[in-house]
Amino acid sequence: MKTLRRTVLATAAALMLGTVGSAFAQDIKPRLIRFGYGLAEQSNQGRAVKMFAEQVEKASGGKMRVRAIGAAALGPDTQMQQALIGGAQEMMVGSTATLVGITKEMALWDTPFLFNNAKEADAVLDGPVGQKVMDKLQDKGLVGLVYWENGFRNLTNTKRPVTRVEDLEGIKLRVMQNPVYLDSFKLMGANAIPLPFSELFTALETKTVDGQENPFNTILSSKFFEVQKYLTVTNHVYSPWIVLVSKKWWDGLSKDEQKVLLDAARASREFERRDTREEAGRALAELKTKGMQINELPPAEVARMRDKLTRVNAMIATNVGMELWQETQTTLTRLRSGK
Ligand code: TK8
């Protein structure tokens, strides 16, 4: 009887201690943020995620921890977006182009030749138009923090140097999973094939596709030069990345925690754009030394490409809404007049 009593007491004490212990543990257990991305760790995307992670840990005094998971190990953009919506993953960064199925207004950034330079892109993305588009995500279970630079996109392929639009005829070209990209390249005569980025290198290597389009940085960091011969400088569209948070998870954070994330995201935006632009400036020379044959699309041909693509603008304007489209055009006109 005595032994039994002792056992019961001991068990009760252990249980109590257990409860107290775990409550305490919860207090000091850092919040874990799984932050997924598609590119290699050694890329502008990987470097910026790392910088963000360090910033968050520092600013939160170690109470928030970011686990950076690159190379699409958590799945391609579209899969991660769903994981964020469902609350199974906390954060990601990816192309706005792959978000169009969730938030149609994101298609604004798919407009060919929308921005003439990075300065215009920064002004529009960080201004009221960019914010308006970003805010649309909230209804869909996502919170957008900042835009990063993916960059102006350029063409690579194994078939031939592209010196005029007609050279795209019949080229099997991988495009992002996005209707504007699909239609744009079909309009130019290419055999456009949508594929997730995570499948692209293998698709190029096995010749499932002949070519693709991405900024210089990505062509370099994803080693596309190993499986692509020709690079044509087209700058046909400026492509942003967007840093996303699961709204389900975000809503459970304190105001202080949200501020830590937003501040770090803003700091990472400055870091990422500087780093990307610096790398892009030397990437072309590096791609040449890696054996790529590079040509610039002559201005007259760029103009023809632009002309051909104006047809997709009407489709984009309808999709994003005339008001948003007009506001963007007005903003750009104002920027260009220097006012
Ligand atoms: C990375 C992609 C990539 C994009 C693409 O996940 O798919 O071509 O440019 O950056 O979002």
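**Note on the pocket, the cavities and the ligand**

1. The strand β4 supplies the largest share of the lining of the largest pocket, namely 5 residues. It should be kept in mind throughout that the model is a predicted one.

2. The volume of the largest pocket is about 220 Å³. Besides β4 (142-152), the elements that contribute two or more residues to its lining are α5 (128-135) and α10 (255-289).

3. In total, 15 residues line the largest pocket, and those nearest its centre are Gln131, Met134, Gly144, Leu145 and Arg266. Sorted by class, this lining holds 8 nonpolar, 3 polar and 4 charged residues.

4. When the whole structure is searched, 2 cavities of 30 Å³ or more are found.

5. The largest cavity holds about 210 Å³ of space. Its lining comprises 21 residues, with Leu39, Asp77, Ser95, Arg174 and Phe197 closest to the centre. Two or more residues of this lining come from each of α3 (77-86) and β3 (91-95). The class count for the lining of the largest cavity is 7 nonpolar, 11 polar and 3 charged residues.

6. Where does the ligand sit? The ligand is placed in the largest cavity. Around the ligand are Gly38, Leu39, Asp77, Ser95, Asn150, Arg153, Arg174, Met176, Phe197, Asn214 and Trp241. This shell divides into 4 nonpolar, 4 polar and 3 charged residues.

7. Which distances describe the polar side-chain atoms of Asp77 and Asn214 relative to the ligand? For Asp77, a polar side-chain atom lies 2.8 Å from a ligand oxygen atom. For Asn214, the corresponding distance from a polar side-chain atom to an oxygen atom of the ligand is 2.7 Å. In the case of Arg153, an N or O atom of the side chain is 2.9 Å from an oxygen atom of the ligand. The ligand taken alone exposes 310 Å², and the protein buries 98% of that area.

8. The second largest cavity has a volume of about 60 Å³. The residues that line it are Asp110, Pro112, Val180, Tyr181, Ser184, Phe185, Met188, His236, Val237 and Leu309. Helix α6 (residues 179-187) gives the largest share of this lining, 4 residues. By class, the lining of the second largest cavity is made up of 7 nonpolar, 2 polar and 1 charged.

9. The largest pocket has Gln131 and Arg266 among the residues nearest its centre. The largest cavity contains the ligand, and Asp77 and Arg174 are among the lining residues closest to the centre of that cavity. The second largest cavity is lined by residues including Tyr181 and His236.

How values were computed. Residues are numbered from 1 along each chain as its sequence is written. This is a predicted model: local features need pLDDT of at least 70, side-chain atom pairs count only at pLDDT 80 or more; totals for chains, interfaces and linings use all residues. Side-chain values use heavy atoms; hydrogens and water are left out. A residue is near a molecule or strand if one of its heavy atoms lies within 4 Å of it. A polar contact is a pair of N or O atoms within 3.5 Å; within protein, one must be able to donate a hydrogen and the other to accept it, and residues adjacent in sequence count only if both atoms are side-chain atoms. Accessible areas come from the Shrake-Rupley method with a 1.4 Å probe; for residues, only the protein chains shown count as cover. On a 1 Å grid over the protein atoms alone, a cavity is a set of points where a 1.4 Å probe fits but cannot get out, and a pocket is an open set with protein on both sides within 12 Å along at least five of seven lines; lining residues have an atom within 4 Å of a point. A molecule sits in a cavity or pocket if more than half of its atoms lie within 2 Å of its grid points. Ala, Val, Leu, Ile, Met, Phe, Trp, Tyr, Cys and Pro count as nonpolar, Asp, Glu, Lys and Arg as charged, and the others, Gly among them, as polar. Grid points are joined across faces, edges and corners, and a volume is the space filled by probe spheres set on the points.
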